[in-house]
Amino acid sequence: MAAHTFAKRRFPGRDAIFLIFLATMMVPPQVTLIPNYLVLKHIPFFGGNDALGNGGHGWLDSYWGLILPGAVSAFGIFLLRQYMMSIPDELLDAARIDGAGEFRVFWRVSCRCARPRSPPPRSSPSRTRGRTSSGR
């Protein structure tokens, strides 16, 4: 959704915010290790934590703590933004004229255009039926 916002929405300071966002890729991961640990430890209502995030271990011993911090990366958002800039604005405008709101335009048009275009090639079963590895 951030990639769609940076690519298709117009707001003041968009390019400056995107440059700051890209600058986060220059920060070494060793610098963010301890802050990420503290954030994962104090997730509210998980791992015995209360509403303020105190008292338990949060997401430290779970798959959520492994998956979610790496699920959104600045590089992935940059790549998706570059692709979403190639989606024609007329396509999004047509969805808006048909009555779609901004989230529906994102979900029904932008996300579907961002899917891979062609499936990987596979061999057809009719060509390989009855043949052995020696070709006879």
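**The core and a helix beside it**

Modeller: Nine residues make up the largest nonpolar core, namely A3, F6, A7, F18, L22, I77, M84, I87 and C113; such a core is a set of buried Ala, Val, Leu, Ile, Met, Phe, Trp, Tyr and Cys residues joined through side-chain atoms within 4.5 Å, where buried means under 20% relative accessible area and exposed over 50%, with a 1.4 Å probe and protein chains only. Two or more of these residues come from each of α1, α2 (14–23) and α5, and α1 gives the most, with three. The model is predicted, so local features need pLDDT of at least 70 and side-chain atom pairs count only at pLDDT 80 or more, while totals for chains, interfaces and linings use all residues. Residues are numbered from 1 along each chain as its sequence is written, and side-chain values use heavy atoms, leaving out hydrogens and water.

A second, separate core of five residues includes L92, A100, V105 and V109.

Helix α7 spans residues 102–113, helices being DSSP runs of H or I of at least four residues, numbered from the N terminus. Its buried residues are V105, F106, V109, S110 and C113, and they lie on the same side of α7 because they cover an arc of only 125° around the axis, taken from the directions from the helix axis to the C-beta atoms. These buried residues pack against α1 (2–8), α5 (74–84) and α6 (89–97), whereas the face of α7 turned away from its buried side carries the exposed F103 and R104.

Definitions and conventions:
Expected span 1.5 Å × (residues − 1). Contact = heavy atoms within 4.5 Å.
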